[in-house]
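Dear colleague,

I am passing on the structure we spoke about, with the sequence and the coordinates together. Please look through it alongside the notes that come after it.

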Amino acid sequence: MILAINVGNTNVTVGCIDRKQTYFIERISTQLNKTELEYAISLKNIMELYQISPEHIEGGIVSSVVPPLSEIIRQSAIKIIQKDVRLVGPGLKNGLNIQIDNPAQLGSNMVVNAVGAMESYPLPIIIIDMGTATSISVINQKGCYAGGVIIPGLNSALDYLAVRTSQLPKISLEAPEHTIGKNTVACMQSGAVYGTASMLDGMIERMEEELGSPATVVSTGKIARFISPYCRHKILYDDTLMLKGLLSIYEKNSGRCSHSEKSAAQKGEGK
């Protein structure tokens, strides 16, 4: 079992996972002013809540898109489990063939999601991650990271509307009964839910057209669970996608074959 942590702009996702199961997945708020000790206490409390002892954890791995917190949270994890904790980035093998103009610019969250998706789903794959930003990644038929899209996050867009317009309120993210709204709140909810779902449908269609074939579409992130059911394309929701990717990268850098590498080896033996 490993401790896997993803540091996002809004939430820090924490989980324990091995090849048998995901033991838990929880989120705490991302706060730049929190100290290493404060994050360590949060990690300790979560692990105690699920009755997981540091003795049963062999190591840890952190993915982060918030550079000021990367080392702080890595050290907080080390403080709790007293074992090596790796940080996804340069020098850490991920096994991903990245075919974009500057591979170094690809966010670690998109790398980890891609690795996790390739372990679990048939190619080609379109990955939708809905958080502070909505990112869409494409893995082509050859298993290469072909590129993607970054869109302003749904909650960020709604907050902007409420702040920048004098007559539009903050709203809860709920699907209205009808697409055509009859009042301000219903109009905003329709735009947020059905508008976002339609945007995702449109992007999926365009991406499949460029790929030249249908794709497996996987979504992750807490907002995706709510929006995906309103899309007209079949979208598989996987809240553990990031943890799966972190586990695979951890294994690739621990001298052990990942699940996909073992499968490939077994297929080779069978020939």
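What follows is a short account of the sheets, the helices and the aromatic contacts.

This is a predicted model, in which local features need pLDDT of at least 70 and side-chain atom pairs count only at pLDDT 80 or more, while totals for chains, interfaces and linings use all residues. Residues are numbered from 1 along each chain as its sequence is written, and side-chain values use heavy atoms, with hydrogens and water left out.

The elements named below are DSSP runs numbered from the N terminus, with helices (H or I) of at least four residues and strands (E) of at least two; two strands are taken to pair if DSSP finds at least two bridges between them.

To begin with the five-stranded sheet, it is open, has the order E3-E2-E1-E4-E5 and shows mixed pairing. Its edge strands, each pairing on one side only, are E3 and strand E5 (85-87), and neighbouring strands are turned by 15° against each other on average, direction ignored. Strand E1 (residues 2-7) is joined to strand E2 (residues 11-17) in the antiparallel sense by six bridges, and Ile2 has Ile17 in E2 as its bridge partner. Helix H1 packs on this sheet and touches E1, E2 and E3, its direction making about 145° with that of E3; here contact means heavy atoms within 4.5 Å, and axes are lines fitted to C-alpha atoms, for helices over the stretch in contact, with angles between N-to-C directions running from 0 to 180 degrees.

The other sheet is also described as open, with six strands in the order E6-E9-E8-E7-E10-E11 and mixed pairing. Strand E6 (97-98) and strand E11 (236-237) are its edges, each pairing on one side only. E6 runs parallel to strand E9 (residues 144-152) and is joined to E9 by two bridges, with Asn97 standing opposite Cys144 in E9. Helix H5 (residues 184-211) packs on the sheet, where it touches strand E7 (125-130), strand E8 (133-139), E9 and strand E10 (216-220), and its direction makes about 155° with that of E7.

Strand E7 deserves a separate look. E7 runs antiparallel to E8, with six bridges between them, and a hairpin through two residues connects the two strands; Asp129 has Ser135 as its bridge partner in E8. E7 runs parallel to E10, to which five bridges join it, and Ile127 is partnered there by Val218. As for accessibility, six of the six residues of E7 are buried, where buried means under 20% relative accessible area, exposed over 50% and partly exposed in between (1.4 Å probe, protein chains only). Ile125, Ile127 and Asp129 point one way from the strand, whereas Ile126, Ile128 and Met130 point the other way.

Helix H3 (residues 108-120) is largely enclosed by the rest of the structure, because eleven of its 13 residues are buried, among them Asn109, Asn113 and Glu119. Its end C-alpha atoms are 19 Å apart, in agreement with the 18 Å that its 13 residues should span at 1.5 Å a residue, the expected span being 1.5 Å times one less than the number of residues. Helix H7 (residues 241-252), with twelve residues, reaches 17 Å from its first C-alpha to its last, close to the 16 Å expected; eleven of its twelve residues are buried, including Glu251 and Lys252.

Finally, there are three aromatic pairs, counted where rings of Phe, Tyr and Trp (its six-membered ring) have centres within 6.5 Å, with planes under 30 degrees apart called stacked, over 60 edge-to-face and the rest tilted. Phe24 and Tyr50 are stacked, at 4.7 Å centre to centre and 15° between the planes; the pair links distant parts of the chain, 26 residues apart, with Phe24 in strand E3 (residues 22-29) and Tyr50 in the loop between helix H1 (36-49) and strand E4 (59-64). Phe24 is buried at 4% relative accessibility, while Tyr50 is partly exposed at 32%. Tyr194 and Tyr230 form an edge-to-face pair, at 5.7 Å centre to centre and 75° between the planes, and Tyr194, Phe226 and Tyr230 form one aromatic cluster.

With best regards
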